[in-house]
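Visitor: Could you walk me through this one? I'd like to hear about its core and its charged pairs.

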Amino acid sequence: MSSRPFNFSAGPAALPEAVLQQVAGEMLDWHGSGMSVMEMSHRGREFTEIAEAAERDLRELLQVPSHFRILFMQGGGLAENAIVPMNLAGRQGLGKVDVVISGSWSKKSAQEARRYADVQIAADSGPGGYRSLSSPSNWQLRRDAAYVHICSNETIDGLEFHELPDLRALGSEAPLVVDCSSHVLSRAIDWSRVGLAFAGAQKNIGPAGLTLVFVREDLLGHAMAICPSAFDYKTVAEAKSMYNTPPTFGIYVAGLVFQWLKDFRRGDLNGVAAIEQRNIEKAALLYAALDASSVFENRVAAACRSRMNVPFYLRGAYDTPQLNESFLNGAKARNLLQLKGHKSVGGMRASIYNAMPLEGVQALVAYLKDFEAQYG
């Protein structure tokens, strides 16, 4: 087993070690081309091969239907919070957007969409402290909304939709827009319920700078006049993501991660199904340790706990700045890195994305128990 530390960063996050080794080996000369990928023309034969393979493998891994286009873009999830309404809000000429707020990121999505659309909050878990998800049956949805936005995994608050809502069953014909940045490729996606999904790559796929967009073809061609050409989904799709220079290195590394995931095996399973089983095991192990602890706690309702991002806190009188600092310093001494919680909520957070091995979670659980034995 590698002697590298276990990196629990929420993003930019850890990558599979095998991928990092391959990147290092190909850094100066990609497949005998005499060039690094960072030096290639994005329109040249070599990079075209890289990009086409990455898209093909991604489509296969997530079983993306043929009537969806996959776009390689830039700007991250925050930019998509503007790019999506600029492309979709005017689709019916009414500019209405419904947003389900389940945590910090969907709240940001609603705030940004207000710059371009009439936004209604269909549901808001904020008054409860983002500890549970509102049942879709209670959402207030407008029949004439251009789309409904959800964040299917809240990176900061640690809530996850374990099943995407069926908007048609709720009486809405609006397409569902899903920000799946922090759990993309950790589980299958029910594309029959999705109109558009987007994800920043820096959590579960590759380095920061690449953004993936999966958009149903009937949703292309509705961009507002103010939408920059490089952000018009139709323009990007027609140019096969090469309208402007794409994040070439990010696409290359993502492609290697896709190959790594295609080769991933667990019992009789492979690919996304196999990694999902390992993710379930990792999350169950960590949550069980937190629930059994008298010193630590996770505050999210069990039915909507994230498999990817696990925020946790010191309980009651234990929750002091000094003891929080002692925990983080001790973790670092054990090669358990980047466990500090987001600045907006404090505490700690373990992001256990696809690249995190089971051994990393086992090491964290062992430290939790040792810390409790010392201070509990």
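Guide: First, a term: buried means under 20% relative accessible area, exposed means over 50%, and partly exposed is in between (1.4 Å probe, protein chains only). This is a predicted model, where local features need pLDDT of at least 70, side-chain atom pairs count only at pLDDT 80 or more, and totals for chains, interfaces and linings use all residues. Residues are numbered from 1 along each chain as its sequence is written, and side-chain values use heavy atoms, with hydrogens and water left out.

Visitor: Is Arg-334 buried, partly exposed or exposed?

Guide: Its relative accessible area is 39%. Because buried needs under 20% and exposed needs over 50%, Arg-334 comes out as partly exposed.

Visitor: Which residue does Arg-334 meet in a salt bridge?

Guide: A salt bridge is a side-chain nitrogen of Lys or Arg within 4 Å of a carboxyl oxygen of Asp or Glu. Here the N to O distance is 2.5 Å, and the partner of Arg-334 is Asp-370.

Visitor: How many residues apart are Asp-118 and Arg-142 in sequence?

Guide: These two form a salt bridge, with their closest N and O atoms 3.1 Å apart. Asp-118 lies in strand 4 and Arg-142 in the loop between strand 4 and strand 5, so the pair ties together parts separated in sequence by 24 residues.

Visitor: How many residues does the largest nonpolar core have?

Guide: Such a core is a set of buried Ala, Val, Leu, Ile, Met, Phe, Trp, Tyr and Cys residues joined through side-chain atoms within 4.5 Å. Leu-58 and Trp-191 are among those with the most contacts inside the largest one, and its residue count is 55.

Note on methods
Helix = DSSP H or I, 4+ residues; strand = E, 2+ residues; numbered from the N terminus.
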